[in-house]
Amino acid sequence: MDKNEYLSVIEGMLYIYGDEGVTIKDVAEALEITKKEAYELMDELLSYYASKTVKGVDICDFGGTYKMVTLPQHDVYYKKMMTTSGRKLSKSALETLAIVAYYQPVTRIRIEEIRGVGCESMIRKLLAQALIKEVGRDDSPGKPVLYGVTDEFMDAFNLKSLDELPELKEIESEFDEEDIFNTKYQEKVEEKEPLIFKGGQ
């Protein structure tokens, strides 16, 4: 594998792991290289991003954990999009949101184990719409981010307490949307506006 391919793999790792970020140890183990080589590659990737004149994302070092982030100067446009688009939540987003609500605090990996598919993009969307938030770090290796629902989630579904959630049936093997959201959430939300969220204020 040449250097450019190494850099491409690292870039992909940063995208996949999103808010959880990637450490030098992660890179070294995945690529089967030394930590010194991993540092050199990461530094080169950081320099490459710093030199780009057209970009919507950047790579930042958060105390040894590297993350792909949007540019702060663009936040005003993203917030405007989230508050004016009135986008509906997809079934995938609803499934992810329901799992967070029932299992919080929960890691992305656990959510993916339950759904059986990757959830990074769904988690990003739910974070952007302020329906879920980071509530801490798990004690497992790598200390992955723990997610929970927000006050905006409670307001969106007219819940005063999570105790009002419908009784949970086993959903590890197969998510049953009818049991989780259609039994209560969609009925309540449709009285106002059918599953349309306008993001956090």
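**Helix α2 and its surroundings**

Hi everyone, let's start with a helix pair: the axes of α2 (residues 24–31) and α3 (residues 35–51) come within 9 Å and cross at roughly 110°. Axes here are lines fitted to C-alpha atoms, for helices over the stretch in contact, with angles from 0 to 180 degrees between N-to-C directions. The two helices are therefore roughly perpendicular (65 to 115 degrees). Helices are DSSP runs of H or I with at least four residues, strands are E runs of at least two, and both are numbered from the N terminus.

A word on the source: this is a predicted model, where local features need pLDDT of at least 70, side-chain atom pairs count only at pLDDT 80 or more, and totals for chains, interfaces and linings use all residues. Residues are numbered from 1 along each chain as its sequence is written, and side-chain values use heavy atoms, leaving out hydrogens and water.

Now, which residues of α2 are buried? They are Ile24, Val27, Ala28 and Leu31, where buried means under 20% relative accessible area with a 1.4 Å probe, protein chains only. Seen down the axis of α2, they fall within an arc of 95°, so they line one face of the helix; the arc is taken from the directions from the helix axis to the C-beta atoms. On the other side, Glu29 and Ala30 are exposed, that is, over 50%.

And what covers that buried face? The cover includes α1 (3–17), β1 (22–23), α3 and β3 (65–70), with contact meaning heavy atoms within 4.5 Å. Lastly, just after α2, Glu32 takes a positive phi of about 60°. Thanks, everyone!

Definitions and conventions: Angles under 35 degrees count as roughly parallel, over 145 as roughly antiparallel, 65 to 115 as roughly perpendicular and the rest as oblique.
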